[in-house]
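Q: I would like a close look at one chain of this model, with some points of comparison from its partner. Please take it step by step.

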Amino acid sequence: MATEAKAHELIVSVSPHVRGKETVGRIMWTVNLSLLPAFIMSVYYFGPLAAYVTGLCILSAVLTEHIYQVSLNKKTTIGDGSAFLTGLLLGLNLPASVPFYIPIVGSFIAIVITKLLFGGLGYNIFNPALIGRAFLLISFPRLMTIWLKPTAQFVSLDAKTTATPLGILKEGGLDQLMQVFGDKADLYMSLLVGNRAGSLGETSVIALLIGAALLLYRGYITWHIPFSFLATVGVMAWALGGDSGFFTGDPLIHLLSGGLILGAFFMATDYVTCPSIRKGQIVFGIGCGLITMLIRLKGGFPEGVMFAILLMNCFAPLIDRGVKSKMFGAIKEQKK
Amino acid sequence: MSIQKKSNWELLKNGMFGENTIFRMAISLCPSIAVTNGLKNGVALGISVMFVQTMVNITISAMRKFIHPKIRIPIFMLVIAGYVTIIDMLMATYARTIYREIGLYIQIIVAFASIFARAEVFASKNKIVPSLFDGLGMGIGFLLAMIVISFFRELLGKGELFGYSLISGNPLLIMILPAGGFLAVGLLMGFFNWVDMKFYGGKGASGV
């Protein structure tokens, strides 16, 4: 009888027994928050148009997910912020001057084709926002490469268009880039602050690094992928990017321009589509860096971060399998 | 030598829907992606395949008693190659512009899995009339698949149908590129699976 009275204190259950506070929603909304500085800088430089494009992306991504899941009698998952994040990332990856249907088509492809048809969050092979952007870039090559000149005056109605730093570098080489931006210090300053043409969210390196610092501090991302990605790009740019032979290139230009910072910290580190073993993450980052620089230096496109991450997404499961550590005490299987 | 119990109409329907070459069996996918960036090309290849499929089935069925089982594969090959040569020469003479675009894929009909499979599975075991309807059904099924795929790809990718401009504005360029072909085939295959499961109680193509 005495044991029975105390029985309710012993609860037998299956693991996990200790639950943390972290949920998918909490992580996703924190990532959204960490992109806020980049969003503010994009609105500062590109005017209300930036807010309009990004907002349209977020709205259509969330609505698409909600309508799809409601119409199939499934539980809607818009509350966990992942659709919001996909829309936000897609918006920050678009130029400011796109017509209204481009964000809508991109969000549809990202949410329905890339994520929900594969089974929803956690089952997608590729990063949804990047597939959305790749689809748009291939479908509308003209519209997706009209870059507005940053004005910082909050009037963008008669904005001038210009080429991105990487575009200038590809077409005219380093000399022309110097002509546009003045001397090297000015160039680095513009790239750091974000006073250059490009996709909405990728321009301001400082704002992105503030957000990345928050994620690193909270432990939501680790240094492995971004560091190996950036280091590979830096080394490749230094070794092969110069005009006058090996090891004369300028790694800082390549590190600060294009979508590299945004891609390395916010998109390559997507939990679902990167390897989950630390060693594998370093391999993943190195692969991303190699492909990025291959496209930037030798390929047809001026920028290659998007295609690099997508290509490495394919290899993520393979990498995980390759670097899996041996169980302690287990004997390596003999080949017959 | 099993005698087919199905009626001719059922054989036709089987080829068009039940065992549709592309959407249900998922064979001969190479031309369905390579050629379907325009309705004109898709229809031309579909009709060629329909012709070859029907004629091969009839011929093999007529010769089935004389083919030694050990050398049946080379003989099927010869018969198929003969009909493909006929259609190839006909197209080269009378349909020059289309032939310039899809000539390679006309010649590659020789290697189509669907034609070979029907010769082996059906025509070499059945009488001439059922074989005719089976070949016709398979050919029509292939033609239908090509029409559906190329309809969506040309409409979305160029805003045109049969080369006539219908929609102005910016089309989805990706749809006439190979990547768009995979997208279109995949989505349509999923749609036909959904129809099969929802309305006919089937298991879908992968549930076999």
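Predicted model: local features only at pLDDT ≥ 70, side-chain atom pairs only at ≥ 80, totals over all residues.

A: In total, the secondary structure of chain B amounts to eight helices and two strands. The radius of gyration of chain B is 18 Å, close to the 17 Å that the globule rule gives for 208 residues, so chain B is as compact as a globular protein of that length. Taken along the principal axes, the C-alpha atoms of chain B fill a box of roughly 60 × 45 × 25 Å. Of the 208 residues in chain B, 38% are buried. Contacts can also be sorted by separation along the chain: among those in chain B between residues at least 6 apart in sequence, 73% join residues at least 24 apart.

One helix pair in chain B can be followed residue by residue. Helix H3 (residues 39-63) of chain B and helix H6 (residues 113-121) of chain B have axes that come within 10 Å and cross at roughly 25°. Angles under 35 degrees count as roughly parallel, and H3(B) is therefore roughly parallel to H6(B). The crossing of H3(B) and H6(B) is right-handed. On the H3(B) side, the contact is made by Val52(B), Gln53(B), Val56(B), Asn57(B) and Ile60(B). H6(B) contributes Ile115(B), Arg118(B) and Ala119(B). By class, the residues in this contact of H3(B) with H6(B) are five nonpolar, two polar and one charged.

The loop between helix H1 (8-18) and helix H2 (29-34) of chain B holds Ser28(B). Ser28(B) is not a glycine, yet has a positive phi of about 55°. A residue is buried if 20 or more other C-beta atoms lie within 10 Å of its own; Ser28(B) has 21 such neighbours and so counts as buried.

Asn73(A) is located in the loop between helix H4 (48-71) and helix H5 (82-92) of chain A. With 6 C-beta neighbours inside 10 Å, however, Asn73(A) counts as exposed.

As for the contact between the chains, five residues come from chain B and six residues from chain A. The side of chain B that touches chain A is made up of four nonpolar, one polar and no charged residues.

Two further places in chain A complete the account. Gly106(A) lies in helix H6 (residues 101-116) of chain A and, having 33 C-beta neighbours inside 10 Å, counts as buried. Leaving aside residues up to four places away in sequence, Gly106(A) touches Cys57(A), Leu90(A), Gly132(A), Arg133(A), Phe135(A) and Leu136(A). From Gly106(A) to Gly91(A) the separation is 15 residues in sequence and 9.2 Å in space, C-alpha to C-alpha.

The other place is where helix H8 (residues 165-181) of chain A packs with helix H9 (residues 184-193) of chain A, at an angle of about 125° and with axes 9 Å apart. That angle makes H8(A) oblique to H9(A). Pro165(A), Leu177(A) and Phe181(A) of H8(A) meet Asp186(A), Leu187(A), Ser190(A) and Leu191(A) of H9(A). The contact of H8(A) with H9(A) divides by class into five nonpolar, one polar and one charged residues.

Definitions and conventions:
Residues numbered from 1 in each chain as written. Chains lettered and ligands numbered in written order. Helix = DSSP H or I, 4+ residues; strand = E, 2+ residues; numbered from the N terminus. Rg over C-alpha atoms; globule rule 2.2 N^0.38 Å. Buried ≥ 20, exposed ≤ 12 C-beta atoms within 10 Å, placed from the backbone. Contact = placed C-beta atoms within 7 Å. Axes fitted to C-alpha atoms, helices over the stretch in contact; angles between N-to-C directions. Parallel < 35°, antiparallel > 145°, perpendicular 65-115°, else oblique. Left-handed = near helix turned anticlockwise from the far one by under 90°. Nonpolar A, V, L, I, M, F, W, Y, C, P; charged D, E, K, R; others polar.
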